[in-house]
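Look over the chain before reading on. This report covers its fold, its surface and its charged side chains.

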Amino acid sequence: MDDATRERREAAMRELTEQRDNYRKKEGMSKGRRGLVIVNTGNGKGKTTAALGLMMRAHGRGLKTRMFQFLKHDTAKFGEHRTLDVLGLPYEGLGDGWTWRSKDLENSAELAAHGWTLARAAIESGEYDLIVLDEFTYPLKYGWVPWAEVEEVLRGRDPALHVVITGRGALPELVALADTVSEITPVKHAYQAGIGGQQGIEY
């Protein structure tokens with residue numbers, strides 16, 4: 001073992017030992033299930049990936065899940081769709097592709113509004129334990145879906161229902177309402193080195 005690795009290890013073991021010895025479980029923590037609003041935002045890669053990971057985890061625990069994708073079109077068959085198909089987990093593509101490639105932004109807005117109608121019905125149905133609204137920050141940010149209505153639905157949902165929202169530029173009002181917010185910040189991306197998107201990694 002080289003000197004740098006040995007020093008790093010020794011310092012880490014001292015820190016970990018101190019953390020372990022000082023650990024105390026926080027008092028007053030709730031037990032049982034409580035539905036959360038979880039937001040994955042920021043400019044880094046991995047927001048949808050994290051939401052899919054939660055779907056997998058929830059499915060593994062017997063929870064009923066569903067995903068609504070507000071930008072991907074209904075014929076998209078990326079890697080995640082193929083996996084969801086194998087697992088029998090429902091998802092719906094509600095958009096017409098990425099907005100910067102849209103030939104009709106008014107149609108994109110109408111599709112988003114219609115998608116919200118479907119998602120709202122699922123949230124209010126009481127049939128699901130976890131619902132993902134993928135890329136939903138964009139319809140909110142663009143004013144295609146009214147925040148006041150979304151807030152009302154989120155606040156009035158079944159107390160045990162988890163709702164996960166992904167996308168860049170989450171509204172401050174959504175961040176304030178959410179229970180858990182993760183901002184994914186880019187440090188490096190392979191695109192910057194001229195490496196294009198790859199099957200199984202980007203799609």
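## Surface and burial

Accessible areas come from the Shrake-Rupley method with a 1.4 Å probe. By that method, the protein chain exposes about 12,800 Å². Carbon and sulfur atoms supply 50% of this area. Keep in mind that this is a predicted model.

The protein chain has 203 residues, and 36% of them count as buried.

## Overall fold

The protein chain has 7 helices and 6 strands. Along the sequence, they follow the pattern α-β-α-β-α-β-α-β-α-α-β-α-β. The C-alpha atoms fill a box of roughly 60 × 50 × 35 Å along the principal axes.

## Charges

The protein chain carries 28 positive and 29 negative side chains. The centres of the two sets lie 6 Å apart. Side chains of opposite charge can pair when their charged atoms come close. Here the count comes to 12 salt bridges.

Arginine 33 and aspartate 129 meet through their side chains in a salt bridge, at 3.0 Å from N to O. This pair links distant parts of the chain, 96 residues apart. Arginine 33 sits in the loop between helix H1 (3-22) and strand E1 (37-41). Aspartate 129 sits in the loop between helix H4 (105-125) and strand E4 (130-134). Arginine 33 is partly exposed, at 41% relative accessibility, whereas aspartate 129 is buried, at 17%.

The side chains of arginine 66 and glutamate 92 form another salt bridge, at 2.1 Å from N to O. This pair also links distant parts of the chain: arginine 66 lies in strand E2 (residues 65-69) and glutamate 92 in strand E3 (residues 91-93), 26 residues apart. Buried means under 20% relative accessible area. Arginine 66 has 18%, so this residue is buried. Glutamate 92 has 22%, so this residue counts as partly exposed.

Glutamate 135 is in the loop between E4 and helix H5 (137-141). Lysine 72 is in the loop between E2 and helix H3 (79-87). The two are 63 residues apart.

Are these two partners buried or exposed? Glutamate 135 is buried, at 3% relative accessibility. Lysine 72 is buried too, with a relative accessible area of 9%.

Terms used: Residues are numbered from 1 along each chain as its sequence is written. This is a predicted model: local features need pLDDT of at least 70, side-chain atom pairs count only at pLDDT 80 or more; totals for chains, interfaces and linings use all residues. Side-chain values use heavy atoms; hydrogens and water are left out. Helices (H or I, at least four residues) and strands (E, at least two) are DSSP runs, numbered from the N terminus. Buried means under 20% relative accessible area, exposed over 50%, partly exposed in between (1.4 Å probe, protein chains only). Lys and Arg count as positive and Asp and Glu as negative; His and the chain ends are not counted. The place of a charge is taken as NZ of Lys, CZ of Arg, CG of Asp or CD of Glu. A salt bridge is a side-chain nitrogen of Lys or Arg within 4 Å of a carboxyl oxygen of Asp or Glu.
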